[in-house]
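Please look over the sequence and the model below before reading the notes on part of its sheet.

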Amino acid sequence: MGTGQFGTNTGWLPGSTQRQVIDINCDGYLDIVGFGTGATYVALGDGKGHFGNAFVGTSEFGTNTGWRLDSTQRLVERV
């Protein structure tokens, strides 16, 4: 599966869900992090423009627990 798993046709809507691109696992390849309705999802990149299937990174930070784009910004940062 590719980046389409974070598309509007799968429920990722502008104004309610947020997606970011960052190298989350420090392998040198960009990954996708999506803050969805019920969880935060991650799809790992392979460095060739493809992404693996999204998996639940954490059940935190979903819109159903009060996180909203207009009032509660979520940012991914490597430390």
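Predicted model: local features only at pLDDT ≥ 70, side-chain atom pairs only at ≥ 80, totals over all residues.

Residues are numbered from 1 along each chain as its sequence is written, and side-chain values use heavy atoms, with hydrogens and water left out.

**Strand β2 and its burial**
- Strand β2 covers residues 31-35, where strands are DSSP runs (E) of at least two residues, numbered from the N terminus.
- Five of the five residues of β2 are buried, a term that stands for under 20% relative accessible area with a 1.4 Å probe and protein chains only.
- In a regular strand the side chains alternate between the two faces of the sheet.
- In β2, Asp31, Val33 and Phe35 are buried on one side, and Ile32 and Gly34 are buried on the other.

**Pairing**
- Strand β1 (residues 18-22) pairs with β2 in the antiparallel sense over five bridges, pairing being assigned if DSSP finds at least two bridges between two strands.
- Within β2, Asp31 is the bridge partner of Ile22.
- β2 and β3 also run antiparallel, joined by four bridges, and they form a hairpin with four residues between them.
- Val33 stands opposite Val42 of β3.

**Thr40**
- Thr40 lies in strand β3 (residues 40-43), and it counts as buried because its relative accessibility is 5%.
- Its side chain reaches the backbone oxygen of Glu60 at 2.9 Å.
- Leaving aside neighbours within four places in sequence, Thr40 is in contact (heavy atoms within 4.5 Å) with residues including Val33, Gly34, Phe35, Phe55 and Glu60.

Definitions and conventions: Buried < 20%, exposed > 50% of the residue type's maximum accessible area, 1.4 Å probe, protein only. Polar contact = N/O pair within 3.5 Å; in protein donor to acceptor, adjacent residues only side chain to side chain.
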